[in-house]
There are 4 protein chains.
Amino acid sequence: MDPAKTRTDQLGELVQSIVDGRRRLHELPAELSAEQAAEVRRRAVEALRGARLEHTGEYSLDAARAASRHCENFVGISQVPVGIAGPLTIRGRYVEASEPVYVPLATTEGALIASVNRGCRAIAEAGGAVVRVEDVGMTRAPVFRTSGVEQTEEFLAWLAANEDRVRQVTEGTSRYLRLLDIKTQAIGTSIYLRFRFASGDAMGMNMATIACDRVVRELIEPETGVPCVALSGNYCVDKKPSAINFLEGRGKRIRAEVQLDAEVLGGALKTDAAQLIEVQYRKNLVGSIAAGAMGSNAHFANVLAAFFIATGQDVAQVVEGSMGMTCVEPTGADGVLASIFLPDVPLGVVGGGTALSTQREALALLGAQADPERPGAGSLRLAEILGATVLAGEISLLAAFTSGDLAGAHERLGRGEAGR
Amino acid sequence: MDPAKTRTDQLGELVQSIVDGRRRLHELPAELSAEQAAEVRRRAVEALRGARLEHTGEYSLDAARAASRHCENFVGISQVPVGIAGPLTIRGRYVEASEPVYVPLATTEGALIASVNRGCRAIAEAGGAVVRVEDVGMTRAPVFRTSGVEQTEEFLAWLAANEDRVRQVTEGTSRYLRLLDIKTQAIGTSIYLRFRFASGDAMGMNMATIACDRVVRELIEPETGVPCVALSGNYCVDKKPSAINFLEGRGKRIRAEVQLDAEVLGGALKTDAAQLIEVQYRKNLVGSIAAGAMGSNAHFANVLAAFFIATGQDVAQVVEGSMGMTCVEPTGADGVLASIFLPDVPLGVVGGGTALSTQREALALLGAQADPERPGAGSLRLAEILGATVLAGEISLLAAFTSGDLAGAHERLGRGEAGR
Amino acid sequence: MDPAKTRTDQLGELVQSIVDGRRRLHELPAELSAEQAAEVRRRAVEALRGARLEHTGEYSLDAARAASRHCENFVGISQVPVGIAGPLTIRGRYVEASEPVYVPLATTEGALIASVNRGCRAIAEAGGAVVRVEDVGMTRAPVFRTSGVEQTEEFLAWLAANEDRVRQVTEGTSRYLRLLDIKTQAIGTSIYLRFRFASGDAMGMNMATIACDRVVRELIEPETGVPCVALSGNYCVDKKPSAINFLEGRGKRIRAEVQLDAEVLGGALKTDAAQLIEVQYRKNLVGSIAAGAMGSNAHFANVLAAFFIATGQDVAQVVEGSMGMTCVEPTGADGVLASIFLPDVPLGVVGGGTALSTQREALALLGAQADPERPGAGSLRLAEILGATVLAGEISLLAAFTSGDLAGAHERLGRGEAGR
Amino acid sequence: MDPAKTRTDQLGELVQSIVDGRRRLHELPAELSAEQAAEVRRRAVEALRGARLEHTGEYSLDAARAASRHCENFVGISQVPVGIAGPLTIRGRYVEASEPVYVPLATTEGALIASVNRGCRAIAEAGGAVVRVEDVGMTRAPVFRTSGVEQTEEFLAWLAANEDRVRQVTEGTSRYLRLLDIKTQAIGTSIYLRFRFASGDAMGMNMATIACDRVVRELIEPETGVPCVALSGNYCVDKKPSAINFLEGRGKRIRAEVQLDAEVLGGALKTDAAQLIEVQYRKNLVGSIAAGAMGSNAHFANVLAAFFIATGQDVAQVVEGSMGMTCVEPTGADGVLASIFLPDVPLGVVGGGTALSTQREALALLGAQADPERPGAGSLRLAEILGATVLAGEISLLAAFTSGDLAGAHERLGRGEAGR
């Protein structure tokens, strides 16, 4: 840029160059700060489209970080309202029952947080939710092309004989990565190698991708002569609902349950065991099967989406993360054991959007952060909290059906009368 | 509150009452403004958990609206970085090829916007994407309990005979709602009535719920004596991947395609027809089937999540919205016809989070707003733009696999070197 | 053949010509009877492989018919043991409760018929099974190739405008065929037209295929210029498990139910309501969902396979026919309502293997035959009987689990001690 | 029976007692031979229903065996026409390319055998099909009920600590059985243990059931105190289409492929590479995904059903056995590599219906019999032959679509003009 010009003039010229079509949005001078570049882009598209991006430009996050690591052609932010549900009582391995947990949820869906909140209260009254998380690991599955069954056999034999070397190369790309195993599948001339990695406190998708890339290029292709057609062969499976992830798991596999006696059911949840089991049966079980739905739950996705946005997870992974099952089973005298099962929840407390300003605050509020002394514990704690929150959302919504609350809440919301 | 106290004192006492457990987060005095209530809650959980919610409190949206309609226990916002992809050329019914469309995307996933942007460029060079949208309508399916096959027959006969009255009652709940049809299914003693409504420029889920609630309580239950067990019987199906939505559609059904000749393929996309078809075959088709995935695409979910957050849609609906298929088929001399099919995209330009500050700006940038002269046109325009954006993301990622770009991009991002 | 030679000599020479590789199995002289041709083939493969086909040649069916219509390179028969379950009490539209129905089942699986028989007894004691059948119709879905979205729109517009002509041409191929509707789907450049036909007492697959072939060649291709790539585009869907058939139905859609009180449960079935519901819940519902199974039942396939072989149905259609759901729901004091739902059962009483000797006898035993006065009634009666038989098999097996009978029965069978 | 009466009188009285309702079909005196009992039953139901079971009584199989081990209330047989396809050239581990294999198929579906036969010819001309079979093993999955997550953890810990004892008990039930592994899944309070066994030349379902029963009753329940609710929890999964079997395999996992050059394509198959790939793409791939079908093939089920009936397999297992994928991929100059993948084929050469007269002959014709020197080799050979036969059927039908042969063949069959 010409130093003689004022800053405003300079930016104005850049804006004009975009408006005139002489420059594309990502072709701004490197010396511009992220904030300046964002301003130029906002002004350019405002001029081009006659719209205003005023609030979008009102941010407090670290623009340089956002622009360089998270969001190309950065112009500002989307402001997603955040509310808090809780306190939630969790009897986990990484959360003590004595800790009151407050869960930040980012959503625009009225009634959601109120509903989760009610579930939290029921769980607290019931003495807490028992939660267990398995660290299944992150998967990535490159696909290769062979000349047929016979080369496929040779390829798989090579792999079996060179497992240690494959491990070395993949693990050499990051000190946080550990190769757990490789599940293979061959169909026609395609071979899928589903690598599964432990990735500590990170969700791990990028680490897994980089590790697979390295081992494919440096070891597998050169030694076998079998070409890799795509680093992801959709056998991973990232961000799609899939049977393989449901069955094998991916990321964290979460189970949570709570024992609800008649008092809690009739109190916080305004329902009873028989009605809750009836809704569970006709809606979550029979209805889901009849609809050809994958899994059987009431609204896991709502809670995951709000939790993922608030805590800086990869929101598109809600697609796979929200697969799962709810169970409501009779116990004792008029009580139920309500539980949820989430086989495929990719999440982490480092990497991805977790270092951004508000997201980092949300993780701090949850006490879910990486601790060098206990690698992986932060993400397991986060998963436990998520599991209990999903459970809270589930029992509350199922109970709402039994008391016919659902539409009423939405009607009041439509008039802006609900919540605060 | 005691008027003698200073504001700070007053808020401080409220904070303390929450910290002491004397008050729950939603039990704040009604006279507090939304901003004040948010501040009290932030300070309370900060005190309770030793965390800071500084950036979370930095918002410019309308807190009163957010707190009353979208987000109970409101404390502030999550700042999600927004970047812009485009210009995108669309040959639709609601977007002209001559309009340069700039698409705001809210994401923390580095490389995503750059990738979509590259796809936009290829589409522009190819003369634009042809997009068509069908307004399938919003569905809601209450479940009823009968005493068996015979009562089920009577119930369904009543429904057939009273279709007009059902229509009147449901349509009476909103002047924007039109009942399209009711698909019935009976299994065991459960009957599912899948109501399908046109809902104009709104996504329509709440409107459909309210309409179903009304007709169930006022007409169906009283006249048939058959009780409704849950207003949603998971045969709707909201926010779950399901065969019924894949086959019947829900919300908008979107098709988009672009003809890419050898020049465009070799230029913006750095690939060729043979390689692109090969990746499509082994990844999207064979890989998806092998994994038991629902649908067959590379990363619809990424684009939908970023688009939904930016434009104020219900983010949990990415789960169903991202189901769909990509096709890449050879055409002419070394060209391909690339296309996407999205059967189940619920979206709108009014209602939900669309009126929030940054979200409204995003919709304005897209020119997707409700127009009383052309009801529904705003949401159809939005769906066309989404379809073309998904297509852009898809061809770009498939091409990236062929040139081995994927891991490299992520490695650079990890070091903060990519994008701006 | 040379008339001077004896018959044996002549056949011997033919046998030798096959053994020597001068003649293939289907290249026998037209003047040979079906029996002679079968003998030649048997002797030839016996010579070639050193095996004996003695029992295979022991048949009483009409060889000429079998060889010309059902089974090329006919050599004889497979003898599948047939047993009879019943009497079964059915309260249907085509079977009266007063008729004792005896069901022939062809199977080699020991304990199956005994189990179904026990279920029949329980049903009889319970006053009969209520069965209802919907005649959904037979489907066939040719797939066409267009040049893209725009030609697809034109094609579908043509179809909408020419529905009557399409009906005329298809219905002109058989006086038993009636076109019910055409469900369309377009993905990429492929269009699927799912024709649905009523086909009276025939299962209808061949009739539907012939009708589609005619209308495609004579009307659709010539007028639209859009080529048909395959007469079946797997959107029909014949002989595969599929969501579309589960949801839309195909052939007959069958529902059957029986009210079992505590006495019947404790008597014939040696179980009680609580146990039966428990098995149903953990096995048919949760287990099926967990396994990613399509539908949720205990062993529909066993009953369908045995019924289909015995009555001359297309046995490969057991694949789709056995999809479905079982429900066991508490009623009254310690009773249950057990029911089955089969959405996709292709069957008939004319055509296919129904005219073969033993198969015709099985249909006669069931009183399920075509009646010119009541077209379609024969196949509906057959479907009602099948539905009740499936229900009998289901309640009996579920009950067996509760009493731990299953393995014991198989152990006794292994020693040849069971049954008679 | 009274010795003074003539045989006919005696049987006549028994017949009458059934007709009068004094006796049920299975309540015949033990001293009756299987043939006599069958005659009594036939006459009784003939009298009751006014039908004739003449051909049903024309059998040459060993009635005593059939009645005691395979078919309760035995009355005779169903005669299913058998034809022979081949010779088929197989390059397997258990079949040599030099052996001409003739495949008996039992079917009533006209044109099927002719079609498979054409495929066999193409395979022979192409030098044979390469086939490989993995012996995945037979599975059975009992379901248990715990009190919740904590007892589930204890139970699984017990299982891990007692694997050797579990192995000993299960393997103690048969010298042919070997426990391969146990895959566990816990959902709500249900635990599924999917036992996987090698079962030599037997299909193994009954052996697996007996072994599971033993270990559950004698070891698992007594030591853990956790009750087994059902010996099969539908996580096995027997005779249902399921994702778990598709992904994990069951029985035999079969892959077969053949390289077809332009000459073979244009000769025996009357097609070319481009057309075959086109049908494969639009029908097997896109069509199957669009229909929500499990797997993607043209008609595996037809071949399996005919092969299973002829060789005495459990025909209901066609449901799971026919899941799978076909691939047709371009190779060299205008050639294709056609292949099939069948992940879940339960079969055997001992046990089940394999010892019955005609079924035993079919297995002998195929040279697929148990050999004490090479345990398991017989069933692996059978699986190789099945794989090649399925491949033959698949390429032939796909080719038929390209030449528009399909409907024509069925029209000729309808007039009895086709085949011989």
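Predicted model: local features only at pLDDT ≥ 70, side-chain atom pairs only at ≥ 80, totals over all residues.
Guide: Residues are numbered from 1 along each chain as its sequence is written, chains are lettered from A and ligands numbered from 1 in the order in which they are written, and side-chain values use heavy atoms, with hydrogens and water left out.

Visitor: How many residues of chain C are in contact with chain D, and what makes them count as in contact?

Guide: Contact means heavy atoms within 4.5 Å, and by that rule 136 residues of chain C are in contact with 135 residues of chain D. The area buried between chain C and chain D, that is, the accessible area (1.4 Å probe) that two parts lose on being put together, summed over both, is about 11,300 Å², and carbon and sulfur atoms give 55% of it.

Visitor: Why is the pair Lys239(D) and Glu109(C) called a salt bridge?

Guide: The term asks for a side-chain nitrogen of Lys or Arg within 4 Å of a carboxyl oxygen of Asp or Glu. The closest N and O atoms of Lys239(D) and Glu109(C) are 3.1 Å apart, and therefore the pair meets the rule. The count between chain C and chain D is six salt bridges. There are also 76 residue pairs in polar contact between these chains, both residues being at pLDDT 80 or more; a polar contact is a pair of N or O atoms within 3.5 Å, where within protein one must be able to donate a hydrogen and the other to accept it, and residues adjacent in sequence count only if both atoms are side-chain atoms.

Visitor: Which element gives the largest share of the side of chain C that touches chain D?

Guide: Strand S1 (residues 74–88) of chain C does, with 13 residues; strands (E, at least two residues) and helices (H or I, at least four) are DSSP runs, numbered from the N terminus. By class, that side of chain C has 68 nonpolar, 42 polar and 26 charged residues, where Ala, Val, Leu, Ile, Met, Phe, Trp, Tyr, Cys and Pro count as nonpolar, Asp, Glu, Lys and Arg as charged, and the others, Gly among them, as polar.

Visitor: How do you know that S1(C) pairs with strand S1 of chain D?

Guide: Two strands pair if DSSP finds at least two bridges between them, and because nine bridges join S1(C) to strand S1 (residues 74–88) of chain D, the antiparallel strands meet that rule. Within this pairing, Ile77(D) is the bridge partner of Pro81(C). S1(D) also pairs with S3(D), in the antiparallel sense over five bridges, and there Gly83(D) stands opposite Leu105(D).

Visitor: What makes S3 of chain C and S3 of chain D edge strands?

Guide: The open sheet of four strands has the order S3(C)-S1(C)-S1(D)-S3(D), with antiparallel pairing. Strand S3 (101–106) of chain C and strand S3 (101–106) of chain D are its edge strands, each pairing on one side only. The twist averages 35° from one strand to the next, with angles running from 0 to 180 degrees between N-to-C directions of axes that are lines fitted to C-alpha atoms, for helices over the stretch in contact.

Visitor: Which strands of chain A and chain B form an open sheet?

Guide: An open sheet of four strands has the order S3(A)-S1(A)-S1(B)-S3(B), with antiparallel pairing. S1 of chain A and S1 of chain B, each residues 74–88, pair over nine bridges, and Ile77(A) stands opposite Pro81(B). Helix H2 (residues 34–49) of chain A packs on the sheet, touching S1 of chain A together with S1 and S3 of chain B, and its direction makes about 105° with that of S1(A).

Visitor: What makes Arg132(A) and Glu153(D) a salt bridge, and what else joins chain D to chain A?

Guide: The closest N and O atoms of Arg132(A) and Glu153(D) are 2.9 Å apart, so the pair falls under the salt-bridge rule. Val149(D), Ile187(D) and Leu247(D) supply 24% of the area that chain D buries against chain A, more than any other three residues.
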